[in-house]
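Here's a quick briefing to read with the model open beside you.

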Amino acid sequence: MALLSKKDSRLILDPLADNNPITIQVLGICSALAITAQLKASIVMAISVIFVLGVGNVVISLMRNIIPSKIRIIVQLVVVAALVIIVDQVLKAFAYELSKELSVFIGLIITNCIIMGRFEAFALGNGPWRSFLDGIGNAAGYGVILVIVGFFRELLGSGTLLGFKVLGDPITKTGLYAIGYENNGFMLLSPMALIVIGIIIWVQRSKNKDLIEE
């Protein structure tokens, strides 16, 4: 017997492509613009959101029958805030320099539209297992876009990946720099993240015409 039914599998696979939170639902754009200048920061933010949304969806699902409707938003905020505090403290303990680079953006996970949206649209109406899959799927879909954007912005903007020089040394003019290549400083600016996301959206809709809005 398969671990996941076809219906459950779609909870994870759909957000990775045809129902991606960023490129299709247009949610979570702010952090995608702000922290994707470096691939490492993009990966850490993606992992953080996967943890917060996956666990948060389960907690909200378990509490769904005892949460008074009038205060459900407050309860959801308390749950996500508690999980974000855990993420923040773990980063400060094990990756302090990176936590300083991400700074306020980790805290802003609390207001990420994707997280509150999945709490409200899915976790409040489904069981813990399916809510967990939904959380992991949507967070992974968000994370994939962050990693793609971070990859191209760091590579073309700094000539590095995860801090390692992959195109050569721009000072001593080795590698691609020896034939005249120069880093594109514009790639490190937030507007370029929006342009990269726009290109991803264009490619995605070019491959799947059904995603094109009328």
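D169 is buried, with a relative accessible area of 17%; buried here means under 20% relative accessible area, exposed means over 50%, and partly exposed is in between (1.4 Å probe, protein chains only). This is a predicted model, where local features need pLDDT of at least 70 and side-chain atom pairs count only at pLDDT 80 or more, while totals for chains, interfaces and linings use all residues. Residues are numbered from 1 along each chain as its sequence is written, and side-chain values use heavy atoms, with hydrogens and water left out.

**Salt bridges**

- D169 forms a salt bridge with K165, and their closest N and O atoms are 3.3 Å apart; the term stands for a side-chain nitrogen of Lys or Arg within 4 Å of a carboxyl oxygen of Asp or Glu.
- K165 is exposed because its relative accessible area is 54%.
- By that rule, the count comes to 8 salt bridges.
- Another one joins R72 and E120, with the closest N and O atoms 2.6 Å apart. This pair links distant parts of the chain, since R72 sits in helix 4 and E120 in helix 7 (residues 113-121), 48 residues apart. Helices (H or I, at least four residues) and strands (E, at least two) are DSSP runs, numbered from the N terminus.
- R72 has a relative accessible area of 30%, so it's partly exposed, and E120 is partly exposed too, at 29%.
- K173 pairs up with E182 in a salt bridge whose closest N and O atoms are 3.1 Å apart. K173 is partly exposed, with a relative accessible area of 39%.
- As a general point, side chains of opposite charge can pair when their charged atoms come close.

**Around G168**

- You'll find G168 in the loop between strand 2 (164-165) and helix 9 (190-207).
- G168 is buried because its relative accessible area is 18%.
- The C-alpha atoms of G168 and K7 are separated by 47 Å, and the two residues are 161 apart along the chain.

- The largest pocket holds about 210 Å³ of space. It has 13 lining residues, and the closest to its centre are C30, S31, L108, T111 and N112.
- On a 1 Å grid over the protein atoms alone, a pocket is an open set of points where a 1.4 Å probe fits, with protein on both sides within 12 Å along at least five of seven lines; lining residues have an atom within 4 Å of a point. Points are joined across faces, edges and corners, and a volume is the space filled by probe spheres set on them.
- Helix 2 (residues 29-34) gives the most to the lining of the largest pocket, with 4 residues.
- That lining divides into 9 nonpolar, 4 polar and no charged residues. Ala, Val, Leu, Ile, Met, Phe, Trp, Tyr, Cys and Pro count as nonpolar, Asp, Glu, Lys and Arg as charged, and the others, Gly among them, as polar.
- The second largest pocket has about 170 Å³ of space, and its lining residues include V44, F51, V90 and F94.
- Helix 4 (72-94) and helix 3 (39-63) each supply at least two residues of the second pocket's lining, with helix 4 giving the most, 5 residues.
- The lining of the second largest pocket splits into 9 nonpolar, 1 polar and no charged residues.
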